[in-house]
Each structure stands twice: as C-alpha cells, then as structure tokens.
Amino acid sequence: MTGAETVRNVAFVGPNGSGKTTLLENLLYVAGAISRKGKTTEGTTVGDASQEARNRHMGVEVNAASFDYQGLHFTILDCPGSVEFVQEARNALLGIDAAVVVVEPVPERMISIAPILNYLDKNQIPHLVFINKMDRSEVRYRDLLDSLRAVSDRPIVPHQYAIGRGDDLVGYIDLVTEKAYAYKTGAPSEPIELPDEYQEREQAARQEMLETLADFDDDLMELLLEDQEPPADDILRHMQNTLGADQIVPVFMGVAEQEMGARRLLEALVKEAPAPTVTNKRLGIDPAGETIVQIIKTYHLPHAGKLSLARVWAGEVKDGMTLTSPAGGDMRLSGVFKMFGNDQKPIGNAGPGEIVGLGRLDAAKTADILLNGSGGAPSEIPVPRASPLKPMYAFAVSAENRNDEVKMSGAFSKLVEEDPSLRFEQDPELHQSVLWGQGEMHLRVALDRLRSKYHVDIKGEVPETPYRETIKKSADSHGRHKKQSGGHGQFGDVKIKIDPKPAGAGFEFVDKIVGGAVPRQYIPAVEAGAKEFLQRGPLGFPVVDVGVTLYDGQFHSVDSSEIAFKMATALALKEGLPQCHPVLLEPILTVNISVPSDYTSKVLQIISGKRGQILGYDGRKNWRGWDQVQAHIPQAEIHDLIIDLRSSTQGVGFFDCQHDHFQQVPDKVAETVVAKRQEKAA
Ligand SMILES: Nc1nc2c(ncn2[C@@H]2O[C@H](COP(=O)(O)OP(=O)(O)OP(=O)(O)O)[C@@H](O)[C@H]2O)c(=O)[nH]1
Ligand SMILES: [Mg+2]
C-alpha cells in the first residue's frame, strides 16, 4: 500500500490519433516500466490492450498502466480519443488527479478538444496540454499557442517553447529555468546555448507566463511590479499550485514516437502534477475515512471474469473485504490488482488515492460508488459522477442464429455494464431489438466484442421507423359476415361511419344504435374488431386519429356471435378505409444540435437536406463560441445525422432528440415507404 502523497494518477486524453498511446509507451519506456517499446500500428502497446483496439490500431476503451518512478506510484489511464468512445474518458477523468490533453500541432483542429476542455473545467480537473508530433508542425509555435487559447477557458501557459519546427525541429526552451535543450532521438535532450534569434521570443513568452501566474498570487504580482526576478523554484511552485487548482493550463511539447519530450513530461508529472490529496480536499472527502471506491471502468475478461477498475477515494481495499453496492447488495472483494495493460498483478490491498483493479464485484457497474462499513449512502458521497451520454446512433440487432437470441440479450446487458453510453432496448411495436450508442464504430466494436467474448454473431441494420397512417375524409361502409356451413352458422352485419379525427386523438368509437339493430352484447365486439383491424391499415401501418360510429346493422337470433360481429366490422373497415383518403404519417423528433458557431450554417444545410424544419438557434449556454440549433427532423432521416454532423464539424458536433409528433409524409417519400412495406409483407 502506498501513501496518498506519493501517488500520481493521470489520464491521457485528446483527439483520436494524436499519439496518446504512443506517448504512454515512450513514457513507460523511459521510466523503465517496459524494456521494449511497442507500436500502436502493430498492436503491441500497453495502452491498446484489447483485441478490438489492436485490430483497429486505435483506442476503444480506457486502459491503465501502474508503475513506480522516483519514489512515486504512478497510474496512467490511456483513454480512447474517438468521439464515439468519449464516455470512457468522461468516466476515467473523474477518477484521476490530473489530465494530459495530447494534441497535434494543427491549429484548425484545436476545436476538437473544446468539449473535453469544457468537461475538465466543469469538473475542475487540473490539466496540461502536450503538443505532440512537433516533427510534423507546419506553423509557428506562437500560432499553436494562440489556437489553444481560442478553445480554452483557462489561461494557456507555455512551459516549454519550441526551437524550430517540422523537419527543422531542434529542441526547446524551458521557460521556468530559461535553459535551452536539443532533442536526441531515443536519448535525453542535451543542454545548448539559447539561440540568439530566440532571445526576444523567450523573454516575451516568459513575461506572459509570469504575469498569468501573478494573477493568482499577490506576492508574485508585487515582485513583478518591483521588476524583480522570482527564483525558478518559486515559479515551479506557482505552476504546481495553479495547475492543481485548475487555474492555468501549462503547455509541453515533443515527438512522442521518438521519445522526444517524454522525459520532460514525466519530470513535470513528478514535480508539478497534484497528489490525490489535492482532489480529496477539493471534493471534501477525508482520505483517512472509511472505505469509498468509485468504479471508473468495468471489464469482463475471458478468463478472470469481471474486473472493476476503481479509484480508492478513502480508506483501504483489501482482498476478501465486503463492499456494498448502491443497490444495497453486499459483495465480497476477490482480488486487488495492480493494472498494466493486459496484465494484472495481485497486490492484496491498496490505500487511499490508488487506482487498482478489483476482482469479482458482480453487482457493481461502471460509475458506481461502493462503500465498506456504515459510511452512509453511496448517493451522499460528494464524488462527481459522469452522466451517461445520450445515444445518437442505433442499429436494429438480431442474432445470425435464431437460437442465440436469449444469449444475445444477456451479453448485451454485460456490455452496457462495461459502457454506460450503450443502451439496449426491445421495441415491441416493430419487433426489433435496438442497440443504441455513440456512432457506427462504437456499435461495430460492441458487436465484435459480443463475437469474441460471448461467441454470438450479431447482425446490425438500420432500425425500422414506426410509421402510422390516418385518413383525410369521411366515408360510410357496410360489412356483412355470413357463413352457412352445416350446423351452426355465423352472421353479423354492421353499418359504420368512418371519420378523421384531430391529430393526437387516437381512436374513438361511438355507438349510435337505436332499436336494437345490433344487440347490446355485440357492440363491444364491434369496437374491439375495429381496434384490431386498425393495427394495420390499407398502407400497412397502424391507423390513428380515426373515429368509427356504428349506426345500423342486422343480426340473427341463432347465428350471430361476437366473433361474427368482429369479422363484419373488419370487412366494413377494409372496404371503407381506402375511400377515406388514407395518408402516411411519420414520427418527427425535436432535435437539439450543438456545434461551434463557425459550423452553424453547415448544420442548417444538413437539417434542410434531411427534410427538417429549423425552429431557431442561439448561443449554447456555458459553451463559449458554440451554438445550439433546434429543429424538427423526421425520425426516418435521423439514422445518419451524427455521421453527417461529425464529418462537417471536425467530429465535435453532437445532438439529443426526443419524439415530438406525427406528421404527414410527403407523397413521393410515402410512395417508397409503402412500396417497401408491401414488398416486405409479400
Ligand atoms: N510523426 C509522428 N507520428 C506520431 C507521433 N506520435 C505518434 N505518432 C503516430 O500517430 C499515430 C497514432 O498514434 P496513437 O498513439 O495510436 O494515437 P492515440 O492518440 O493513442 O489514438 P487513439 O487511441 O485512437 O485516440 C500512430 O501511427 C503513431 O505512430 C509523433 O510524435 N510524430
Ligand atoms: Mg490510443
């Protein structure tokens, strides 16, 4: 067990492909935690631990690497960058004490980190930026810094300043110590003279850094006003304090692939990253109290069973102890593990501040708070919780082999435990099972997991739309059901009026029989017969907003029965409805789309292209530079919305939606829908 002061928990986040896993691999190598460096393109890294990640050469879930370095116990969480897996990062970030946002040196793409910066600031999570791939940089370093400033609410403070860029990258200046270094591939950088042409830029950047730090410290401000030079140690302390309080965002840089900047970043994490006690203090949790753990990730491993990656907020976890889930169930903890990619090493126990794997907590889900003892209800623990993201993309899923349907439901519920941004639903109306998630890749990875872990082959298709139909005109109709076959015959006869009703009225039945033309006891059968028939109207869909008035009929004292009147009603409707000008209705959703304002006009185009109607747009609350567009869009057009949104907003656009009303489908579209329906029925 490690004391909380000597623990450092860090998450690597940032856009997909920015080099997080590569940076981690190089960091682990220079820290001596691995003796050979793997490559993400070869599926051999610690960070891309799962088969699904290795196959795709990209992160698809969070993975942890714990190691010791310079007397500190580090855990680094490598988060996937793809927006479709962002729930993983959101859960992980709540369990760490500092984040490294890894970005590429491309100003136009900085907007893609805006959502994650927003989340970090909302939760006051200290974070620094690592500008990776400096060997590819085509712009001036100061322009890169400006592009970061444009998306960060907190001041951007360069800790390192680049010397050269792209192919001409030489090294960096440390703005705290004012020393210059030249990079060496696969070796520590070497001190050099600060190049003359950088003197001025260095002075300006350093002055700006000091002034920003002074905004948070009166003593430093006074010193600067007196034109005095603060000692490097003091500056470092200010850096550490303001970073720990999420007041500034220090910027580091390098070329992860060539180990450049990896040592410097590690040193910064050692000297400047906050200890778990800082986070505990912010949240108001006494680390010395009774055991509190938070599940930040759930894995179902093929051999080891369920493994929960957990942050110990307080107390101790110990093999064999009892932990209580929010649902109230007690679980016996079976195994405490130090995590390292695919490897888990049993360690028996862990203390406050540590992030460890916990074995066989069968009733625990990702994001749960678990307690030991009488520490109160989990819901009262002041730990931030990541709300599950609203799903934006769906597949209708079915087992390739019909016998696997039951197995499929069980397997999906396990996947949802691992990843709360997935949702699995049964749709009784359309007889389809629907898997909801964050995008196509997200769902494809889920289906791959089902295949590799639970051995069920699942097919995913575009879900069906729950169309309706209604009528525009009234008509009278007559239905007679008569059968004389041997003994008992069947006889029912009804005259009905069919009327359109206002939208939302549903089905209305009126009984206007006088003089017993249809005896009392058969009238409920007429209503039931109508309801049943209207489940599938002339176009093939449930009929809504229609009134049926029974005003006349005939009966037979022996042959009439409920069933005969039901049949007669069905015949009357079958004949009458087509005279009533039936039209197709489709569900319309209210959709709220959020995008950076620069893309708002593109979004308006996308909406029009999907037969949508724009209701209005405005600045998004608490999101500087973002708009929220509200629109009505037909559900039938929503399937690809997130794909179109992402492809025209650098991946950052998102939406939520809910059902609003049904609306008549334009004739051209309706023709296709009805033709398809008839084809399917045939
Ligand atoms: N030129 C250059 N390429 C790099 C550097 N660092 C990483 N790469 C390459 O960038 C690609 C993506 O690297 P990853 O480490 O998988 O990126 P990631 O951020 O983990 O990606 P996700 O997990 O998908 O979010 C790989 O092909 C790396 O080899 C670098 O410093 N310079
Ligand atoms: Mg990765």
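## Sheets, helices and domains of a predicted model

Strands β8 (residues 171-174) and β9 (residues 179-184) are joined by 4 bridges and pair in the antiparallel sense. Two strands pair if DSSP finds at least two bridges between them. Strands (E, at least two residues) and helices (H or I, at least four) are DSSP runs, numbered from the N terminus. One of these bridges links Gly171 to Ala182 in β9.

This is a predicted model, in which local features need pLDDT of at least 70 and side-chain atom pairs count only at pLDDT 80 or more, while totals for chains, interfaces and linings use all residues. Residues are numbered from 1 along each chain as its sequence is written, and chains are lettered from A and ligands numbered from 1 in the order in which they are written.

β8 and β9 belong to an open sheet of 4 strands with antiparallel pairing and the order β7-β8-β9-β10. β7 (160-163) and β10 (187-192) are at the edges with a single partner strand each, so one side of each has no neighbour in the sheet.

Another open sheet of 4 strands, also with antiparallel pairing, has the order β23-β24-β22-β25. Its edge strands, β23 (423-427) and β25 (458-461), each pair on one side only. Strand β22 (residues 393-399) runs antiparallel to β25 and is joined to it by 4 bridges; in β25, Ile458 is the bridge partner of Ala399. Contact means that the C-beta atoms of two residues, placed from the backbone, lie within 7 Å. Axes are lines fitted to C-alpha atoms, for helices over the stretch in contact, and angles run from 0 to 180 degrees between N-to-C directions.

| Helix | Strands touched | Angle of directions |
|---|---|---|
| α11 (residues 405-418) | β22, β23, β24 (432-437), β25 | about 145 degrees with β23 |
| α12 (residues 440-454) | β22, β24, β25 | about 120 degrees with β24 |

The axes of helix α6 (residues 199-214) and helix α7 (residues 218-225) come within 8 Å and cross at roughly 140 degrees. This makes α6 oblique to α7, a word for angles that are not under 35 degrees (roughly parallel), over 145 (roughly antiparallel) or 65 to 115 (roughly perpendicular). Leu210, Glu211, Leu213 and Ala214 of α6 meet Leu220, Met221 and Leu224 of α7.

An automatic or database domain assignment gives the domain bounds: domain 1 (4-281), domain 2 (290-380), domain 3 (394-461), domain 4 (469-580) and domain 5 (586-680). The C-alpha centres of domain 1 and domain 3 are 38 Å apart. Their contact takes 7 residues from domain 1 and 11 residues from domain 3.
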